[in-house]
Amino acid sequence: MNSLFARYYMWLATMLFLTILVMGIAFMTLANSYISGRLHDQAVETARNGAEAASAYMENFGALNELYKITINTIAQAQGSHILAADANGVVVMCSDGLLCREHVGRVMPEAFVQSVLTQGAQTEQSTLGGIYDAARKVAACAVTGSGGGWPIGIVTVSTAAAGTGINVGALLRICLFVAAAVLAASSVSAYLISKRLTKPLRDISRSTQRYARGDFSSRVPADSGANDEISRLCANFNAMADSLQHLEQLRREFIANVSHELRTPMTVIGGYVDGLLDGAIPRDDGGRYLAIVSEEVRRLSRLVARMLDITLLQSGQMSYSPRPVNLCELVRRVILGFENNIEAKGIDVACELPPDDINVLFDPDALTQVLTNLIDNAVKFTPPGGLLSISVGVKGHKGTVSVTNSGIDIPEPDLPFVFDRFHKADKSRGEDKSGLGLGLYIVRSIVLGHNETINASSANGLTTFTFSVTVTK
């Protein structure tokens with residue numbers, strides 16, 4: 001009973017049983033009430049007809065004869081009732097049991113009952129009629145009037161057993177229980193199959209999460225692609241989450257490998273040159289040149305640590321910006337000049353499309369410098385020798401766009417949705433950057449989104465373009 005399937009199945013089966021039980025009880029109650037009412041009305045009508053027939057016999061023959069006895073006997077047998085005819089004193093003079101009845105003829109009905117019938121003309125009650133019957137019966141009585149409708153001269157009673165005035169409760173109960181058992185059995189089988197089908201994806205998800213906890217993200221939950229219900233959407237979302245986790249796990253492993261390489265290389269160089277200087281293996285005249293190399297490697301480590309610190313601040317939401325008007329065109333020129341040596345070393349052609357007038361945009365100056373630096377550095381890195389690097393600025397209304405385009409090998413289409421993810425590197429297919437950490441574009445997107453702007457990437461026909469928006473101020 002600890003599983004969701006067992007609890008759901010038992011709950012459904014119990015609700016079905018209680019529903020059928022309540023409906024059966026309500027049906028029996030209504031049926032019993034309806035049939036009892038009909039039998040009561042029938043008994044009253046029979047008593048009235050018997051009284052009218054007795055009046056007719058008294059008027060025509062002066063007394064109740066054997067023909068009247070045969071009449072009430074036939075009616076009683078047809079209806080399953082018992083009929084008595086009594087005089088005005090309540091003495092039974094005729095019975096429907098037969099022509100030679102000695103059990104009821106001559107017995108006297110209770111005086112109060114007789115007077116009530118004679119006075120009111122009719123009476124219904126449950127009674128033994130003063131001991132005439134061994135057990136209480138449902139009795140309907142009508143007065144017999146004389147010729148001309150004068151004072152009643154007698155009464156006629158029609159009675160049925162109290163337990164027999166309604167339906168056979170036991171038989172109906174057995175029928176209801178049989179039907180309930182059949183419906184419950186069919187419903188239980190259906191509930192079992194439905195419950196098992198509904199909870200199967202949950203069991204699959206549970207098994208998959210256990211494998212994820214062990215670091216295995218290959219498991220997926222089978223989903224019904226043709227359905228669009230909550231369970232199918234849950235399975236689809238779970239599989240999408242698993243894909244994302246698997247992708248992040250792969251990126252994490254690559255990141256660890258890249259960081260290890262990035263840290264090991266400069267530290268090995270620094271250690272080797274320092275040891276060479278200390279033990280005299282490097283001539284003192286060459287010491288300055290090698291110390292410059294050590295200094296460059298230290299700065300490289302510093303940049304690596306600073307970039308990782310930026311990632312930490314971005315992820316924790318502690319990176320704050322101070323947007324203010326910035327001369328976008330001037331900033332673009334300054335950043336491009338910073339890459340002059342790298343551009344000349346690779347023989348890259350640079351095309352810069354800037355508006356003739358200066359443009360002020362609302363952006364944090366340091367953050368915008370970092371965005372431009374990362375994008376241009378990324379473009380220079382992946383532009384082949386003799387390739388093309390293009391930076392363009394466009395303005396439309398209060399919005400501007402900055403695009404950085406470089407020639408070279410296209411980013412594969414499957415990689416495009418992930419180029420801004422942290423640790424992601426498309427260089428495996430582009431074949432250039434073997435030591436980057438895959439953090440530059442992640443930082444760019446985080447900064448742009450932090451200023452409520454947009455950024456996107458496209459790559460086709462040998463040209464890769466990164467475009468972000470800025471807000472133009474007067």
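Where pLDDT is low, the predicted coordinates should not be read in detail. This is a predicted model, in which local features need pLDDT of at least 70 and side-chain atom pairs count only at pLDDT 80 or more, while totals for chains, interfaces and linings use all residues. Residues are numbered from 1 along each chain as its sequence is written, and side-chain values use heavy atoms, with hydrogens and water left out.

**Confidence**
- The chain has an average pLDDT of 79, and 81% of the residues score at least 70.
- Among the elements of the chain, mean pLDDT is lowest in helix 10 (residues 427-430), at 44, and highest in strand 12 (residues 463-473), at 94.
- Helices (H or I, at least four residues) and strands (E, at least two) are DSSP runs, numbered from the N terminus.

**Helix pair**
- Helix 9 (residues 365-382) and helix 11 (residues 440-450) have axes that come within 9 Å and cross at roughly 145°; the axes are lines fitted to C-alpha atoms over the stretch in contact, with angles from 0 to 180 degrees between N-to-C directions.
- Helix 9 contributes Ala367, Gln370, Val371, Asn374 and Leu375 to the contact, and helix 11 contributes residues including Leu441, Ile443 and Val444.

**Cysteines**
- The whole structure contains zero disulfides, a disulfide being a pair of cysteine sulfur atoms within 2.5 Å.
- For cysteine 352, the nearest cysteine sulfur belongs to cysteine 329, 8.3 Å away.
- Cysteine 352 is partly exposed at 39% relative accessible area, whereas cysteine 235 is buried at 2%; buried means under 20%, exposed over 50% and partly exposed in between (1.4 Å probe, protein chains only).

Terms used. Contact = heavy atoms within 4.5 Å. pLDDT = per-residue confidence, 0-100.
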